[in-house]
Amino acid sequence: MRIAHVALLMMASPTVALSQTHDGSHRSPPTAYAGEETRLIKSLSEQDLEEIARGGGWGLARAAELNGVPGPTHLLELADQIGLSEQQRDDIEAIREQMQADAITAGERFVAAEQALDAAFQQGAPDAEALEQLVAKTGQARAALRLVHLNAHLLTLPLLTDAQVGQYSVLRGYSDDPCASVPEGHDPDMWRSHNRCN
C-alpha cells in the first residue's frame with residue numbers, strides 16, 4: 001500500500017511529471033535551455049552578442065559599480081544631476097571612449113574563443129587536453145574583457161568629489177538620499193553642509 005501511495009505521489013509531482021504526446025507516448029517537459037540550440041554560439045544570446053559588439057558593460061563591472069566606484073557611461077548620462085564640470089565631462093568622456101574601443105577589441109577575442117569552444121562540440125567532442133585549452137582561452141578572454149570595464153571605473157573615481165560619488169549612488173538607486181532626512185544625533189545644519197544639501 002505504501003509503495004502504491006509513493007508511486008501515485010511521484011506521478012503527480014511536477015518535478016517528475018511527463019507530458020503525453022499525441023501518439024500516447026510520454027516525454028519530459030522542455031528545459032530552460034530549450035530553443036537555445038539554434039543560437040549561433042550556444043553560450044551567448046543575440047542580446048549578449050549585440051552588447052559585446054558595441055563595447056557595452058554586459059554586467060562585468062558590477063564589483064565596482066555596486067561598491068561605490070562609478071563608471072564613465074552612467075556618469076555622463078547623469079552629468080547634469082551630479083554637477084559634473086566641463087573638465088570632468090571631457091576627462092570622463094575620454095575614459096569612456098577608450099574603454100569602449102578596448103572593450104570592442106577584447107569582446108571580439110572573447111566571442112571568437114567562445115565560438116571555438118562551441119565548434120569543438122559541434123564537431124563531436126574535444127579530447128580532455130583540447131577542452132582544457134579551449135576553456136582556458138575563453139576564461140582568459142572573458143577576464144581581459146572584464147578588466148577593461150573595471151579599469152575604466154578605477155580611472156574615473158579620482159576625477160569625482162565624494163559628494164558626486166554619493167549623488168551618483170542615490171540617483172542609481174544604490175543608497176538613500178542623505179538630504180532627505182537628518183539622522184538622530186546629528187546637527188541638521190552641519191549634516192546638510194557636509195552632504196552639500198544646500
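Modeller: A crossing counts as left-handed if the near helix is turned anticlockwise from the far one by less than a right angle, and as right-handed if clockwise. In this predicted model, local features need pLDDT of at least 70 and side-chain atom pairs pLDDT 80 or more, while totals for chains, interfaces and linings use all residues. Numbering runs from 1 along each chain as its sequence is written, and side-chain values use heavy atoms, without hydrogens and water.

Colleague: Which hand does the crossing of helix 6 and helix 7 have?

Modeller: The crossing of helix 6 with helix 7 is left-handed. Helices here are DSSP runs (H or I, at least four residues), numbered from the N terminus.

Colleague: Why are helix 6 and helix 7 called roughly antiparallel?

Modeller: The axes of helix 6 (residues 86-122) and helix 7 (residues 128-156) cross at roughly 170° and come within 9 Å. Angles over 145 degrees count as roughly antiparallel, under 35 as roughly parallel, 65 to 115 as roughly perpendicular and the rest as oblique; the pair is therefore roughly antiparallel. Their contact has 20 nonpolar, 4 polar and 5 charged residues.

Colleague: What makes helix 2 oblique to helix 6?

Modeller: Helix 2 (residues 46-53) packs on helix 6 at about 140°, with the axes 8 Å apart, so helix 2 is oblique to helix 6. L49, I52 and A53 of helix 2 meet A103, I104, G107, F110 and V111 of helix 6, where contact means heavy atoms within 4.5 Å. These residues divide into 7 nonpolar, 1 polar and no charged, Gly being counted as polar.

Colleague: What is found at the centre of the largest pocket?

Modeller: Of its 22 lining residues, G56, G57, W58, T73 and H74 are the closest to the centre. The lining comprises 6 nonpolar, 10 polar and 6 charged residues.

Colleague: What sets W58 apart in its backbone?

Modeller: W58, in the loop between helix 2 and helix 3, has a positive phi of about 55° although it is not a glycine. Most residues other than glycine have a negative phi.

Notes: Axes fitted to C-alpha atoms, helices over the stretch in contact; angles between N-to-C directions. Helix = DSSP H or I, 4+ residues; strand = E, 2+ residues; numbered from the N terminus. 1 Å grid on protein atoms, 1.4 Å probe; cavity = no way out; pocket = protein on both sides within 12 Å on 5 of 7 lines; lining within 4 Å.
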